[in-house]
Amino acid sequence: MTEKALRLGTRRSKLAMAQSGQVADAVSQVTGRPVELVEITTYGDVSREHLAQIGGTGVFVAALREALARGEVDFAVHSLKDLPTTQPDELVVAAIPVREDPRDVIIARDALKFTDLPRGARIGTGSPRRMAQLNAYARTHGLDIETVPIRGNVDTRIGYVTKGDLDAVVLAAAGLNRVGRSDEVTDFLSVDTVLPAPGQGALAVETTADNADLIAALAQLDDPLTRAAVTAERSLLAALEAGCSAPVGALADLLTDGQSVKEMRLRGVVGTTDGSTLVQLSTTGPVPETHEAATALGRELATEMLAQGAAGLMGERAL
């Protein structure tokens, strides 16, 4: 007799289904049990408002968490950057698998790179963070661009370019890789140009805190270095009191000597969406070996950024 299938709660979008499917396969391998996907519609999926208007934080997460709490699913997969920075006591992120490429990318008409876009080029993105950094880069490098707020799934966004409504759109490399569309990328944005969202490219596998057996099984998918990096990034975000729709970028990357990992560098940026003002700082230290050490790294950098005026650049503070 085969064991009963584990129920994995996922958003319905093509990207969510793709990344949940990958996690489902991995969980099947470590547990020996079949995994079935349970599709759940979230508020963020049905609302047509811009994320900054509906609060951003948690709009793609709440319905999945409610299904977990009600016992309708056994575990859920989230894009980590969608998770609010405060973790409810009754739920636990049991695994953060190895991170995908955290960079942002451009898909532009005529296979153009970002710096080759014509004067007045219209670039679509729903992210204040991307707008702030693209506009700042344009200002300092003599480029003339207009950032245009957009929403929608991968198909919708790329459609703005193929239909000629926009010259380019900005998307996350990780999402395009997961849905098999990375060949459409015309330019990878260096993290020196645009820092990604905290946790971008990483997934969070969440279950209820009382499900010890499943927590232990899911823990086999956890990547400690990815967890340390995203914990530091999210700690920075939390200390800036910013939600996931705020113009905050952060990336913790690992510095190696070719053989082994030596240190972790955490970079953070916050800016006004027109790019006129940016506060961008970094710190480097030993790779954090505990949750507390990773959290401290993020907090320390946030404190320095606040001292340099970051608080005034956040727009609406997350409530």
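1. Two strands are taken to pair if DSSP finds at least two bridges between them, and helices (H or I, at least four residues) and strands (E, at least two) are DSSP runs numbered from the N terminus. On these terms, strand E12, residues 261-271, pairs with E13 in the antiparallel sense over nine bridges, and Glu 263 stands opposite Pro 286 in E13.

2. This is a predicted model, in which local features need pLDDT of at least 70 and side-chain atom pairs count only at pLDDT 80 or more, while totals for chains, interfaces and linings use all residues. Residues are numbered from 1 along each chain as its sequence is written, and side-chain values use heavy atoms, with hydrogens and water left out.

3. The open sheet consists of three strands in the order E11-E12-E13, with antiparallel pairing. Strands E11 (248-256) and E13 (278-286) are the edge strands, each pairing on one side only. Neighbouring strands of this sheet are turned by 15° against each other on average, direction ignored; the axes are lines fitted to C-alpha atoms, for helices over the stretch in contact, and angles run from 0 to 180 degrees between N-to-C directions.

4. Helix H9 (residues 224-239) packs on the sheet and touches E11 and E12, its direction making about 145° with that of E11, where contact means heavy atoms within 4.5 Å. Helix H10 (residues 291-307) also packs on the sheet, touching E12 and E13, and its direction makes about 40° with that of E12.

5. Val 261 lies in strand E12 and is partly exposed, with a relative accessible area of 33% (buried means under 20%, exposed over 50%, partly exposed in between, with a 1.4 Å probe and protein chains only).
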